[in-house]
Amino acid sequence: MVSADAARNIVGIVGNVISFGLFLSPVPTFWRIIKAKDVEEFKPDPYLATLLNCMLWVFYGLPIVHPNSILVVTINGIGLVIESAYLIIFFIYATRNTRLKMLGVLAVEALFMVGVVAGVLLGAHTHEKRSMIVGILCVIFGSVMYASPLTIMGKVIKTRSVEYMPFVLSLVNFLNGCCWTGYALIKFDLYITIPNGLGAVFGLAQLILYGCYYRSTPKKGKNVELPTVKVTKNSVGGGRVSVTVEK
């Protein structure tokens, strides 16, 4: 019989693998941005929200806050690096106004984290209090992270196109929410259950939306170069016209 701790570790490892896939799922989107040298209609909101979420979860999982949470620290530490890389790419190819907005949000997030770390370490002196304070913040901002695609979901409904809502990202988002909800329920952790439960719900909603609007998404056709037709008039031949096709 597998103990609760062993089962939780197994689910946590699976969750780490799925979360890693979640963090890597936007790679095709950013490869498209790099090739086009333009962010097009993509939004930085999900990546800004995920960055803050990763910072909070890394802090939550540290031994000084919530002992025995190494799996939470490792995957969110990796996510922190990956999301930073995405935001750098987005910043390079975004418009000036978008860059300024991103810098403003990042500045607020940095100040917020400094305030949280200082306040928790100086104001709460037990693991229980620290876990509760940081856990509540993780619930709030984890929910914001999972809800951030709602902006693009609105665009999908308005345009009847899923071009800017990648299927892989929606699928992995759903699987990630389900796995970490299971992890939290084995040895009940309210702070992990709530945001990841919401993540599963929002992920499922995105998949349903994708199924509804996939067929109505305009397909990009290939440009076909037509031959050039050159018309010349022969003045000597009694007004005859000759046609030359140039490829």
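Which side chain meets Glu40 in a salt bridge? The partner is Arg32, and the N to O distance is 2.6 Å. Keep in mind as you read on that this is a predicted model.

## The salt bridge

Let's stay with that pair for a moment. Side chains of opposite charge can pair when their charged atoms come close. Here the N to O distance between Arg32 and Glu40 is 2.6 Å, and the cut-off is 4 Å, so the two side chains count as a salt bridge. The count for the structure comes to one salt bridge.

How covered are the two partners? Glu40 has a relative accessibility of 27%, so it counts as partly exposed. Arg32 is partly exposed as well, with a relative accessible area of 22%.

## The overall picture

Stepping back to the fold, the protein chain has nine helices and two strands. Reading from the N terminus, the order of elements is α-α-α-α-α-α-α-α-α-β-β.

The protein chain has 247 residues, and 38% of them are buried. Among its contacts with a separation of 6 or more, 74% are between residues 24 or more positions apart. The accessible surface comes to about 14,200 Å², and carbon and sulfur atoms hold 69% of that.

## Aromatic pairs

Another pair is made by Trp180 and Tyr183, whose ring centres are 4.9 Å apart. Their planes meet at 70°, so this pair is edge-to-face too. Why are Trp180 and Tyr183 separated by about one helical turn? The reason is that they are three residues apart in helix α8. Trp180 counts as buried because its relative accessibility is 6%, and Tyr183 is buried with a relative accessible area of 4%.

## A charge over a ring

Arg99 lies over the face of its ring, 5.4 Å from the ring centre.

## A buried asparagine

Helix α8 (residues 167-186) also holds Asn173. Is Asn173 buried or exposed? Its relative accessible area is 8%, and the limit for buried is under 20%, so Asn173 is buried.

Which residues does Asn173 touch, leaving aside its neighbours within four places in sequence? The contacts are Leu22, Tyr146, Gly199, Gly203 and Gln206.

One of its members, Ile133, belongs to helix α6 (residues 127-147). Ile133 counts as partly exposed because its relative accessibility is 36%.

Terms used:
Residues numbered from 1 in each chain as written. Predicted model: local features only at pLDDT ≥ 70, side-chain atom pairs only at ≥ 80, totals over all residues. Heavy atoms only, no water. Helix = DSSP H or I, 4+ residues; strand = E, 2+ residues; numbered from the N terminus. Buried < 20%, exposed > 50% of the residue type's maximum accessible area, 1.4 Å probe, protein only. Contact = heavy atoms within 4.5 Å. Phe/Tyr/Trp six-rings, centres within 6.5 Å; stacked < 30°, edge-to-face > 60°. Lys NZ or Arg CZ within 6 Å of the ring centre and 35° of its normal. Areas by Shrake-Rupley, 256 points an atom, 1.4 Å probe, with all protein chains shown as cover.
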